[in-house]
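Here is a short briefing for a first look. Start with the sequence and the structure.

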Amino acid sequence: MKEQFVQLWLEAGNAIIVDKQIRIANTGKAPTYALTDELLLKCAKAVSLYNEYERLSQIIKAHTDELNLTSKIGADTGSELTKDEIALIMSKLEASSRSKEDLGIIDKMLSSKKERRKEDSVGPFKQIDRKQGDQWGPALATYIGTLAADAYPNKITSTLKANPILTKDIIEQYCSISNAANLSTHPLDSALLAKPFTILTGSSGTGKTKQAESLCKHYSNQNSDNHAIVAVGADWTDNRNTLGFVNHLQKDEQNQPVYQSTEILNLLIRANADPTFPYFLILDEMNLSHVERYFADFLSVMEQKDGQFHLHDEGAELTNSATGEQKIPKKLPYPENLFVIGTVNIDETTYMFSPKVLDRANVIEFKVAKDDLENFLKEPHEYPEVERAAEGQAEAFLSLAKQARANDLPQLDANIAEKLNDHLLQLFTIMQQGRFEFAYRTANEITRYMRVSQFQLDDEDEAKWVAEGWEDSFDQQIVQKILPKLHGSIGRVGKLIARLAHFCHTPKDPDQLNDSLMEAAKLDANSAKFKRSFAKLKSMAETLQEEQFVSFIH
């Protein structure tokens with residue numbers, strides 16, 4: 001059943017993607033969608049099929065013991081429920097409260113105050129509240145799924161055709177589910193899906209910029225202009241190098257000053273003009289200048305809903321110095337499809353990050369192990385070529401990121417959620433006692449990362465993740481979100497690092513943790529609960545003992 005759903009949606013999604021490419025090639029403009037009855041019927045059947053699959057899967061999980069069923073949809077054996085089994089389930093649960101729960105979820109999805117366009121209120125949708133938020137597509141798709149596509153094809157296709165914005169959103173939303181299964185689960189991908197700002201740190205030559213560039217090439221568009229690699233200069237002391245400035249010394253044909261644009265601003269403009277495709281900004285050697293100075297506008301606006309850059313106060317739109325034609329408005333929206341990656345080195349020519357920068361990013365450390373270097377020396381090779389992602393996967397990457405930000409991904413398994421919350425509260429207590437406490441943003445983004453990690457897995461891998469793999473995902477987030485702010489003298493952070501090391505080795509109540517650096521350094525790394533975090537903390541403890549000062553980013 002799930003395979004049929006995926007195939008239907010891939011057919012529908014690919015048809016629209018091809019149609020879009022042809023129309024852009026012919027007209028140079030993004031098209032309106034050509035929705036044929038045949039395509040719409042496929043969409044309706046797919047939505048109905050998917051909802052039936054999800055509904056039955058939930059019923060089976062909740063009532064396996066009661067119904068004494070051993071088979072389930074998507075089982076390793078490939079077996080599906082028989083009609084008799086489905087009939088048994090439906091007869092026993094016909095009067096259950098599940099339908100009310102579904103309606104409650106849909107009602108919640110539709111409770112936002114965001115207005116939608118008037119033409120999307122035709123047919124059965126006249127009865128639905130038009131004040132809808134970003135989740136209106138999935139919610140109404142669920143509504144359509146309650147109709148029988150085979151029994152009422154004309155009614156469904158005419159309804160979908162009369163609601164083009166809805167139909168487009170349904171297709172993009174549900175195509176992303178099937179495409180998401182093929183997305184990379186590399187830590188950089190997962191970090192960006194959870195938060196569109198990631199910092200890559202590590203020694204020079206470890207492949208930070210190459211990894212970021214590979215991701216951009218993998219999700220590149222037809223023109224390969226959806227990314228920019230910008231080298232940060234040591235003289236970047238304000239936002240003129242990122243957002244540009246009004247050049248009163250140069251006039252256009254209307255005797256208006258031109259706007260001195262930048263590569264970064266041009267990327268922002270392209271991203272706003274192409275909102276369904278991901279765009280990537282790589283800031284190479286990000287900390288050659290004070291990040292808080294040249295990047296302050298980004299740090300503020302990226303955290304705002306509907307945030308905008310203030311570019312100038314001139315009376316009209318200004319000519320873009322880069323193109324001579326494109327107009328620069330007074331304000332420019334921050335693109336929801338923009339992902340920012342910064343690479344950093346730490347030496348005498350660079351600056352440290354402030355907590356407010358680190359609090360807004362995932363920090364991934366690149367290291368070269370001895371075995372990796374040994375294998376490379378045996379067979380030296382260039383960085384491998386990167387294949388462009390299959391059609392629809394870049395859009396799926398962006399769609400999944402937006403779902404994650406909107407907290408629209410499935411909730412964590414209840415047992416995992418409880419353990420995660422306990423660990424976060426314990427870590428908060430430890431960090432608070434050391435005066436490095438984190439707050440709501442960090443806790444929320446760690447939970448979001450965990451939900452992204454769970455969502456990307458298939459049924460078999462998800463079962464393993466729920467059993468024990470979630471600890472590895474949480475381990476990654478301890479290193480990426482909690483530890484990066486640690487730096488200071490042995491008197492400032494010594495006891496804190498020791499207690500964190502003991503906790504990551506064997507989690508326990510904070511009041512029972514040892515605060516000895518020497519004891520922390522003696523602990524066996526192989527038996528640690530959170531191995532990545534413990535290895536980093538043990539290394540920091542050893543450095544602290546030898547040099548009396550340590551920083552996570554070094």
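Predicted model: local features only at pLDDT ≥ 70, side-chain atom pairs only at ≥ 80, totals over all residues.

Residues are numbered from 1 along each chain as its sequence is written, and side-chain values use heavy atoms, with hydrogens and water left out.

**Whole chain**
- The chain has 22 helices and 13 strands (DSSP runs, numbered from the N terminus: helices are H or I, at least four residues; strands are E, at least two).
- It has 554 residues, and 48% of them count as buried (under 20% relative accessible area, with a 1.4 Å probe and protein chains only).
- Among contacts (heavy atoms within 4.5 Å) with a separation of 6 or more, 73% join residues 24 or more positions apart.

**Nonpolar core**
- The largest nonpolar core holds 108 residues (buried Ala, Val, Leu, Ile, Met, Phe, Trp, Tyr and Cys joined through side-chain atoms within 4.5 Å).
- Helix 20, residues 490-505, gives the most to this core, with eight residues.
- F197, L283, F295, F298, F474, L486 and I497 have the most contacts inside the core.
- F298 touches T242, L243, I264, L268, L281, F309, Y334 and L338, leaving aside residues up to four places away in sequence.

**Surface**
- The chain exposes about 27,800 Å², and carbon and sulfur atoms supply 49% of that area (Shrake-Rupley method, 1.4 Å probe; for residues, only the protein chains shown count as cover).
- F376 sits in helix 15, residues 370-378.
- F376 is partly exposed, with a relative accessible area of 36% (partly exposed lies between under 20% for buried and over 50% for exposed).
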